[in-house]
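The following exercises ask you to follow aromatic side chains through a structure and to relate them to the fold. Each task is followed by a worked solution.

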Amino acid sequence: MSTLGRSGVEVTPLGFGAAPLGNLFAPLDDERAGQAVAAAWQRGIRYFDTAPHYGLGLSERRLGAALRAYDRAHYTLSTKVGRRLEPADGTGDDLASGFAVPATHRRVWDFSADGVRRSLEASLTRLGLDRVDVVYLHDPDDHAEQAFREGYPGLEKLRAEGVVGAIGAGMNQTQMLTRFVRDTDVDVILCAGRYTLLDRSAGTELLPLAAERGVSVVLGGVFNSGLLADPKPTATYNYTEAPGELLARALRLKEIAERHGSTLRAAALAFSGAHPAVASLLVGVRSAAEVHDCTDQFTADVPAALWAELRASGMLPREEGPS
């Protein structure tokens with residue numbers, strides 16, 4: 001277990017990313033969703049992350065229902081604010097946003113202090129729980145002024161009141177997250193897809209600064225949305241079709257990993273989790289089988305010779321990755 005900053009909130013090294021429980025890209029039934037959470041609990045995962053954005057609240061409802069079977073004192077739960085959900089006419093679907101759910105609600109960007117509080121209250125209702133442990137400002141890329149002027153102070157107030165234990169921001173970029181680490185008192189940042197075997201941009205400034213400032217880092221997207229899990233022509237990178245040069249690089253990484261008796265998935269998890277600033281890896285899973293596979297890969301030994309070859313071939317800088 002790692003503690004997030006100075007908050008006292010603890011997370012397991014491997015966390016459960018619940019976006020797939022919101023029918024990310026494809027439908028998922030309630031039974032399989034519950035089985036995925038149960039498998040995660042069985043394998044020792046005690047950190048669970050969700051957001052209103054995921055399936056227009058479906059992920060929060062399913063995750064909350066599954067977690068009510070367990071002692072609230074024995075797991076850590078995070079959700080996000082910045083997109084409030086307002087009722088819509090319900091016609092059509094939400095596939096344009098990536099979720100196979102009816103368009104029962106619409107998302108409203110709102111990083112005001114009042115919006116932050118209202119969003120959290122609505123999340124607690126959907127979760128059916130009395131508290132969450134961590135709250136992230138979710139993707140404030142185009143709303144920086146309001147996020148820093150109103151949203152972040154709103155989170156600080158919730159933390160001071162004891163409503164939440166830890167606060168932070170979650171994004172797919174490094175520049176604004178670096179600003180959060182440098183200019184605010186966040187406990188944790190959630191960085192998706194920017195410290196992987198294919199994209200190490202967070203390692204240049206963000207992760208070293210977080211380590212220096214005592215801010216914890218949770219990494220998401222360590223498979224870059226699929227390419228590092230199963231590289232093939234139909235694989236996605238950052239949720240779009242993978243460019244040919246990155247597919248070729250991923251296939252080369254896979255070949256090297258397998259030649260050393262490992263797997264690309266195990267190497268991807270080991271690389272992302274090796275940085276000293278990283279407290280937890282969030283992996284999105286949609287079934288019990290995926291939970292077991294991911295946990296097996298996470299706990300597998302990756303031979304030192306694999307890292308040596310990656311460095312010797314120039315595919316990995318000598319100063320990055322496991323020793």
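**Exercise 1.** Determine whether F271 is buried or exposed, and describe its aromatic partner.

*Solution.* F271 has 0% relative accessibility and therefore counts as buried, where buried means under 20% relative accessible area, exposed over 50% and partly exposed in between, with a 1.4 Å probe and protein chains only. The model is predicted, so that local features need pLDDT of at least 70 and side-chain atom pairs pLDDT 80 or more, while totals for chains, interfaces and linings use all residues. Side-chain values use heavy atoms, without hydrogens and water, and residues are numbered from 1 along each chain as its sequence is written. Next, F271 forms a stacked aromatic pair with Y195, at 4.8 Å centre to centre and 25° between the planes; rings of Phe, Tyr and Trp (its six-membered ring) pair if their centres lie within 6.5 Å, and planes under 30 degrees apart count as stacked, over 60 as edge-to-face and the rest as tilted. Finally, Y195 is itself buried, with a relative accessible area of 3%.

**Exercise 2.** Identify the bridge partner of F16 in β4, and describe the pair of rings.

*Solution.* The bridge partner is F48. The rings of F16 and F48 form a tilted pair, with 5.6 Å between centres and 45° between planes. F16 is buried at a relative accessible area of 1%, and F48 is buried at 0%. Both residues belong to one aromatic cluster, which also includes W41, Y70 and Y75.

Conventions. Two strands pair if DSSP finds at least two bridges between them. Helices (H or I, at least four residues) and strands (E, at least two) are DSSP runs, numbered from the N terminus.
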